[in-house]
Amino acid sequence: LGQDLDLFSIQDEAGGGLVFWHPKGAIVRHIIEDAWKKIHIGRGYDLLYTPHVARADLWSISGHLDFYRENMYDQMKIEEELYQLRPMNCPYHILVYKRKPHSYRDFPIKVAELGTVYRYELSGSLHGLFRVRGFTQDDAHIFCLDDQIKDEIRGVLDLTEEILLQFGFNKYEVNLSTRPEKAVGSDDIWEKATSALKNALDDKGWSYQLDEGGGAFYGPKIDLKIEDALGRKWQCSTIQVDFNLPQRFDMTYVDSNSEKKRPIMIHRAVLGSLERFFGVLIEHYAGDFPLWLSPIQARVLPVTDTQIEYCNEVTRRMKASGIRAEVCSGERLPKLIRNAEKQKIPLMAVVGPKEVETQTLTVRSRFGGELGTMKIDDFISRTTFAAENRTFL
């Protein structure tokens with residue numbers, strides 16, 4: 001579907017597991033990112049942009065070189081210093097936190113980033129958008145106090161539910177993953193973190209399964225697998241409580257008694273990665289995206305070449321109103337319609353001599369069938385309303 005609909009590709013000349021987003025795929029990604037940013041800003045997150053590389057010492061402090069080296073690319077030497085492509089975003093967000101002192105009054109502190117990371121995967125394990133070597137995580141970190149953990153995790157669960165519902169997912173499998181054999185931190189810290197996750201899930205009322213030993217090396221986690229239209233389950237959201245990285249990076253704040261304490265760190269991603277989530281969306285909708293998410297919302301089809309000038313003017317007006325539209329010509333009308341159907345275009349606007357004379361469009365919807373003839377402004381307002389309200393026309 002990705003190739004048939006010209007959404008993305010993986011080019012041998014560039015290397016395996018590296019995704020090229022084509023214009024149609026890129027516009028869907030833009031829509032996803034815009035929706036993601038809007039809801040996060042509304043929920044009190046500050047957005048960040050951070051570098052793709054850092055000095056290797058940073059990954060030694062974080063523990064990645066000890067616990068995650070097999071998934072990291074080789075280091076590069078720059079002016080006699082070793083640098084490392086980032087496999088995760090968390091150390092960067094910690095450095096942003098540490099740029100200034102913090103008081104207990106500042107918490108919770110919530111930062112989010114659509115951060116591209118690079119992880120080494122064996123070539124035999126690469127698979128389309130689902131297992132790649134470079135991908136963008138919808139990553140966020142919450143720094144909070146001990147007594148805020150449960151409420152913050154509950155807030156993440158609510159946010160996760162809201163975002164996934166926007167894209168048509170309302171069925172999940174929830175797993176609570178506990179300490180693996182290879183881990184950092186004391187038993188007491190792990191027990192405290194695991195209890196916080198359990199309490200938040202119970203408060204939310206979600207049932208879950210225990211995944212013994214399935215946690216990250218730095219903390220236990222909640223994983224959500226979303227169910228698509230065919231009942232298939234896909235790993236997506238993750239929430240992790242981390243008492244270890246704040247200690248490794250000597251993160252502090254000043255409490256109400258003017259004493260230095262360590263904040264709690266919560267890692268979370270809702271979509272997981274944009275590449276993988278886009279793959280799930282393609283599978284979920286079989287490439288037949290709803291109007292608001294479709295890369296091309298309307299295709300204007302002239303009956304003959306004499307209507308092309310009018311079609312171009314109509315398309316310009318649609319684009320000026322925020323509708324993703326294009327003109328397609330050069331074939332007989334039945335073939336133009338078949339091509340639009342194969343490309344899963346939600347709306348087709350046919351233009352013949354009568355439509356030019358009356359300044360109208362004859363509209364056909366993939367979801368609603370023949371909609372008849374309507375004025376251009378009427379078509380624009382109805383399409384805009386349907387897209388904004390995520391309904392069909």
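Predicted model: local features only at pLDDT ≥ 70, side-chain atom pairs only at ≥ 80, totals over all residues.
Contact here means heavy atoms within 4.5 Å.

Let's begin with a loop. Glycine 215 sits between strand 10 and strand 11. What does glycine 215 touch, not counting residues up to four places away in sequence? The partners are Ser177, Thr178, Pro180 and Lys221. Is glycine 215 buried or exposed? Its relative accessible area is 12%, so glycine 215 is buried. Now take phenylalanine 167, which is 48 residues from glycine 215 along the chain. The C-alpha atoms of these two are separated by 27 Å.

Glycine 213 is in the loop between strand 10 (209-211) and strand 11 (221-227). With a relative accessible area of 35%, glycine 213 is partly exposed. Leave aside its neighbours within four places in sequence, and glycine 213 is in contact with Thr178, Arg179 and Pro180. Look at arginine 179 in particular. Glycine 213 and arginine 179 are 34 residues apart along the chain, yet 4.8 Å separates their C-alpha atoms.

Next, two helices. Helix 1 covers residues 23-42, and helix 8 covers residues 274-285. Their axes come within 11 Å. They cross at roughly 110°. Angles of 65 to 115 degrees count as roughly perpendicular, and therefore that is the word for helix 1 and helix 8.

Which residues meet there? From helix 1, we have Gly25, Val28, Arg29, Ile32 and Glu33. From helix 8, the list is Leu274, Glu275, Phe277, Phe278 and Leu281. Sort the residues of this contact by kind, and you get six nonpolar, one polar and three charged.

Now for the rings. How many aromatic pairs does the structure hold? There are 14. A pair of aromatic rings is described by the distance of the centres and the angle of the planes. Let me show you two pairs.

Tyrosine 97 pairs with phenylalanine 107. Centre to centre, that is 6.4 Å, and the planes are 35° apart. This pair is tilted. Tyrosine 97 belongs to helix 4 (residues 90-97), while phenylalanine 107 is in the loop between helix 4 and strand 7 (109-118). So the pair ties together parts that are ten residues apart in sequence. Both partners fall under the 20% cut-off for buried: tyrosine 97 has a relative accessible area of 3%, and phenylalanine 107 has 8%.

The second pair is phenylalanine 169 with phenylalanine 277. Their ring centres are 5.9 Å apart, with the planes at 65°, so we call the pair edge-to-face. Where are the partners? Phenylalanine 169 is in the loop between helix 5 (149-166) and strand 9 (172-177). Phenylalanine 277 is in helix 8. Phenylalanine 169 is buried, at 0% relative accessible area. Phenylalanine 277 also counts as buried, at 2%.

Last, charges over rings. Arginine 86 lies over the face of tyrosine 92, at 5.2 Å from the ring centre. Lysine 110 does likewise with tyrosine 45, at 5.1 Å from the ring centre.

That's my tour. Thank you.

How values were computed. Residues numbered from 1 in each chain as written. Heavy atoms only, no water. Axes fitted to C-alpha atoms, helices over the stretch in contact; angles between N-to-C directions. Helix = DSSP H or I, 4+ residues; strand = E, 2+ residues; numbered from the N terminus. Parallel < 35°, antiparallel > 145°, perpendicular 65-115°, else oblique. Nonpolar A, V, L, I, M, F, W, Y, C, P; charged D, E, K, R; others polar. Phe/Tyr/Trp six-rings, centres within 6.5 Å; stacked < 30°, edge-to-face > 60°. Buried < 20%, exposed > 50% of the residue type's maximum accessible area, 1.4 Å probe, protein only. Lys NZ or Arg CZ within 6 Å of the ring centre and 35° of its normal.
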